[in-house]
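Here are some notes to read alongside the structure. Please keep the 3D view open while going through the points.

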Amino acid sequence: QSGRISPQALERALEALRRMKKITEGLGVDVIESVATSAIRKASNGQEFLDTVRRECGLDIRVISGEEEAELALESASHQFEIDSGHNVVFDIGGGSVEVVIAAGAHIEEIVSLDLGAVFLTETFLPRDPLGEKDLKRLHQHVRRELKKTFNDPAMATRVLIGSGGTVTSIGSMVMAMRKEQYDSLSGYEVLRSEVVHLLAMLSRKDLKERRGVAGLNAERADIIVAGVALVDTLMDRFDANILRINDRGIREGLILQSLQKHGLTSAPQASRDWRSSALALARSCHLDDAHGQTVARLALEIFDAVATEASLSPRDRELVEAAALLHDIGYFISYSAHHKHSYHLIRHAQLFGFSPKEREIIANLARYHRKSLPKKTHENFQRLTPEDQIRVKKLGGILRLADGLDRRRGGAVRRIDCRIVDNRLALSLHGEGDLSVEIHGAQAKADLFGRAFGWDVEMKTAG
């Protein structure tokens, strides 16, 4: 209600952190990774909390974004389960927020962090005990509205949701108790949608004292469990999922795995150590037509080299357009329809070695505009860029789009291009075997962005 971390909550946190710090000292730990999530992000005195912990406990806590939380949840899920190549939805429910990842195989397409955590929903909608029927209805309506606003694509339907966090493991424990099953671990345990529905109905009829006695439910979670189960129920409904698969590890395991790699403490294979190998590995993992990507990259670089000096393009721009050319079609991995948009999401969230987040965003935008509409300021992905990078995307995107048109038949018919700039015209002389009229037509149809970005007309003819 106040938007602040209370003194009592601060003291509880300090007590827990002091205890953990003593344990790590006793174990002779060299490296500690400590992160804070939604509560610290949102609290008006979050920085004051971090300063106090640093002073009292000697811990430097890093505040991570909702997007980072979601990536850690997916990393854990990928480590726990064999993720198939279709659509996957992974989510993690915390106290303040829920993180949802839409992935194609293990490749992230979309990440969303929503203020729909179990504590937040309870405090906002379910303040009374016993629960009010109208309050629960308002909670459901709010969650449905937020999910519909965020995920309005029916094509995202999936049979199985993979979930982590205390709410999800509590659902697994309660269902396991209802089924009279006993397993040592909840990892991979599957719960049916009908069981979630029945569980929610049963819990919402009980007061707090009665919920504390429910088999399989930790009594300390009894106050927030109804809101959490209601969220899971609505998520399953939104994605038309019939099975909830439980990951009993989640974000903390993702952080451990990430930290092991960061500090060189794992034998897991490392990412390719140069950007081109990393891009090609990503392309091949998405079963991309390697020959077409290589051809478009070759043609794009020939055009780039001809215009770079005149257009003040840098050597790094050359690498960006080559990477985009190699990856522009990876969206086929998800769907042919709107594959340029899928390419954008896959590249934006990929672990591409050697590129900064800003450069990865530019590469993703280049792939986004290799076909269909031109960049518009109303496009959210384009709007996120600085004015300088918007110009950069138009120029490099124009080159990529033109090169893609020159391989219209995907057969590498154009072997070489002679490029000349004459009187505000880019004159292309195409060398290749046989009739190149299809390639000329394809390039003419996709010369629009190049013309706008550079202010030059494009003329094409077959050499000789």
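**Notes on strands and helices**

1. Start with strand β11, where Met 460 is the bridge partner of Leu 428. This pair belongs to the pairing of β10 with β11 (residues 457–462), which is parallel and runs over six bridges. Bear in mind throughout that the model is a predicted one.

2. On β10 there is also a pairing with β9. Strand β9 (residues 414–421) and strand β10 (residues 425–432) run antiparallel and are joined by seven bridges. One of the residue pairs to look for is Ile 421 with its bridge partner in β10, Leu 426.

3. Next, the open sheet of six strands. Which order do its strands take? Reading across, the order is β5-β4-β3-β6-β8-β7, and the pairing is mixed. From one strand to the next, the twist averages 25°.

4. Why is one side of β5 and of β7 left without a neighbour in the sheet? β5 (107–114) and β7 (190–192) stand at the edges and each has a single partner strand, so one side of each has no neighbour there. For β5, look at its pairing with β4 (residues 98–104): the two run antiparallel, and seven bridges join them. Within this pairing, Val 100 stands opposite Val 112 of β5.

5. Now the helices. Helix α13 (residues 290–311) and helix α18 (residues 387–405) have axes that come within 8 Å and cross at roughly 135°. That angle makes α13 oblique to α18, since a roughly antiparallel pair needs an angle over 145 degrees. The crossing of these two helices is right-handed.

6. As for the residues in this contact, those on the α13 side include Val 296, Leu 299, Ile 303, Phe 304 and Val 307. Those on the α18 side include Leu 396, Ile 399, Leu 400 and Leu 402, as well as Lys 395 and Asp 404. Sorted by class, the contact of α13 with α18 has 12 nonpolar residues, one polar residue and two charged residues.

7. Helix α15 (residues 339–349) packs against helix α16 (residues 357–368) at an angle of about 170°, and their axes are 8 Å apart. α15 and α16 are therefore roughly antiparallel to each other. Their crossing is right-handed.

8. Which residues of α15 meet α16? They are His 340, Lys 341, Ser 343, Tyr 344, Ile 347 and Arg 348. Among their counterparts in α16 are Arg 360, Glu 361, Ile 363, Ala 364 and Arg 368. By class, the contact of α15 with α16 has five nonpolar, three polar and five charged residues.

9. Is Val 232 buried or exposed? Its relative accessibility is 0%, so Val 232 counts as buried; the cut-off for that label is under 20%.

10. What surrounds Val 232? Leaving aside neighbours within four places in sequence, Val 232 is in contact with Phe 91, Ile 93, Thr 167, Ile 171, Val 196 and Leu 244. Val 197 is 35 residues from Val 232 in sequence, and the two are 9.5 Å apart in space, C-alpha to C-alpha.

Terms used:
Residues are numbered from 1 along each chain as its sequence is written. This is a predicted model: local features need pLDDT of at least 70, side-chain atom pairs count only at pLDDT 80 or more; totals for chains, interfaces and linings use all residues. Side-chain values use heavy atoms; hydrogens and water are left out. Axes are lines fitted to C-alpha atoms, for helices over the stretch in contact, and angles run from 0 to 180 degrees between N-to-C directions. Helices (H or I, at least four residues) and strands (E, at least two) are DSSP runs, numbered from the N terminus. Angles under 35 degrees count as roughly parallel, over 145 as roughly antiparallel, 65 to 115 as roughly perpendicular and the rest as oblique. A crossing is left-handed if the near helix is turned anticlockwise from the far one by less than a right angle, and right-handed if clockwise. Contact means heavy atoms within 4.5 Å. Ala, Val, Leu, Ile, Met, Phe, Trp, Tyr, Cys and Pro count as nonpolar, Asp, Glu, Lys and Arg as charged, and the others, Gly among them, as polar. Two strands pair if DSSP finds at least two bridges between them. Buried means under 20% relative accessible area, exposed over 50%, partly exposed in between (1.4 Å probe, protein chains only).
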